[in-house]
Amino acid sequence: MSEAMGDNRPRDKIQVSSLKRPGFYANLAKSYLETVPRIEISGLGQAIPNCVTVAESLRASGSVEIEKIETSQQEMTAEGSTTPIMKPRIAIQIARKQEGDRQVPSLTMKR
């Protein structure tokens, strides 16, 4: 979706889910990094492995540097419940390498 179509999501944060493959998020991150110098990739619970895979794939390609990794617990309430539960969360900040205006190479994810 484009800006004209009402896509107002920030272009510096990606929330990874366990439902889509890491390659989808790696390509999205690559696209975002063409317009911003750094982004944050985050995931909750079962999405954490996908989040780490995306960041590591980008780092291994030589196009980005991992600047910061934060882990935490996020309080959530399940639908229809009043009891809060704690979910693990990871946030990985990556930055485009400063080697001129080098383009981020396209990635092929293998499973």
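Which strands does H1 lie across, and at about what angle does H1 run to S1? In this predicted model, local features need pLDDT of at least 70 and side-chain atom pairs count only at pLDDT 80 or more, while totals for chains, interfaces and linings use all residues. Residues are numbered from 1 along each chain as its sequence is written, and side-chain values use heavy atoms, with hydrogens and water left out. H1 lies across S1, S2, S3 and S4, and runs at about 175 degrees to S1. The angle is taken between N-to-C directions on a scale from 0 to 180 degrees, with axes fitted as lines to C-alpha atoms, for helices over the stretch in contact.

The chain holds two helices and four strands, arranged from the N terminus as β-α-β-α-β-β. These elements are DSSP runs numbered from the N terminus, with helices being H or I of at least four residues and strands E of at least two. Of the 111 residues, 32% count as buried, where buried means under 20% relative accessible area, exposed over 50% and partly exposed in between, for a 1.4 Å probe and protein chains only. Among contacts between residues at least 6 apart in sequence, 69% join residues at least 24 apart; a contact means heavy atoms within 4.5 Å.

The four strands make an open sheet of mixed pairing, ordered S1-S2-S4-S3. S1 and S3 are its edge strands, each pairing on one side only. On average, neighbouring strands are turned by 20 degrees against each other, direction ignored. Pairing here requires at least two DSSP bridges between two strands. S1 and S2 run parallel and are joined by four bridges, with isoleucine 14 having isoleucine 41 in S2 as its bridge partner. S2 and S4 run antiparallel, with seven bridges, and glutamate 40 stands opposite glutamine 93 in S4. S3 and S4 are also antiparallel, joined by 13 bridges; glutamine 73 faces proline 88 of S4 there. Six residues separate S3 and S4 in their hairpin, and glycine 80 in the turn has a positive phi of about 80 degrees.

Helix H2 (residues 48–60) also lies across S1, S2, S3 and S4, running at about 10 degrees to S4. Its 13 residues reach 18 Å from first to last C-alpha, close to the 18 Å expected at 1.5 Å a residue, the expected span being 1.5 Å times one less than the number of residues. Buried in H2 are Ile48, Asn50, Cys51, Val54, Ala55, Ser57 and Leu58, and these residues pack against S1, H1, S2, S3 and S4. Why does serine 57 count as buried? Serine 57 does so because its relative accessibility is 19%. Its side chain reaches the backbone oxygen of threonine 53 at 2.8 Å. Just after H2, glycine 62 takes a positive phi of about 85 degrees.

The largest nonpolar core has 19 residues, and Ile14, Ile39, Ile41, Leu58 and Ile94 have the most contacts inside it. S1, H1, S2, H2 and S4 are the elements that give two or more residues to this core. Such a core is a set of buried Ala, Val, Leu, Ile, Met, Phe, Trp, Tyr and Cys residues joined through side-chain atoms within 4.5 Å. Leaving aside residues up to four places away in sequence, isoleucine 94 touches residues including Leu33, Ile39, Ile41, Ala55, Leu58 and Val64.

Definitions and conventions:
Polar contact = N/O pair within 3.5 Å; in protein donor to acceptor, adjacent residues only side chain to side chain.
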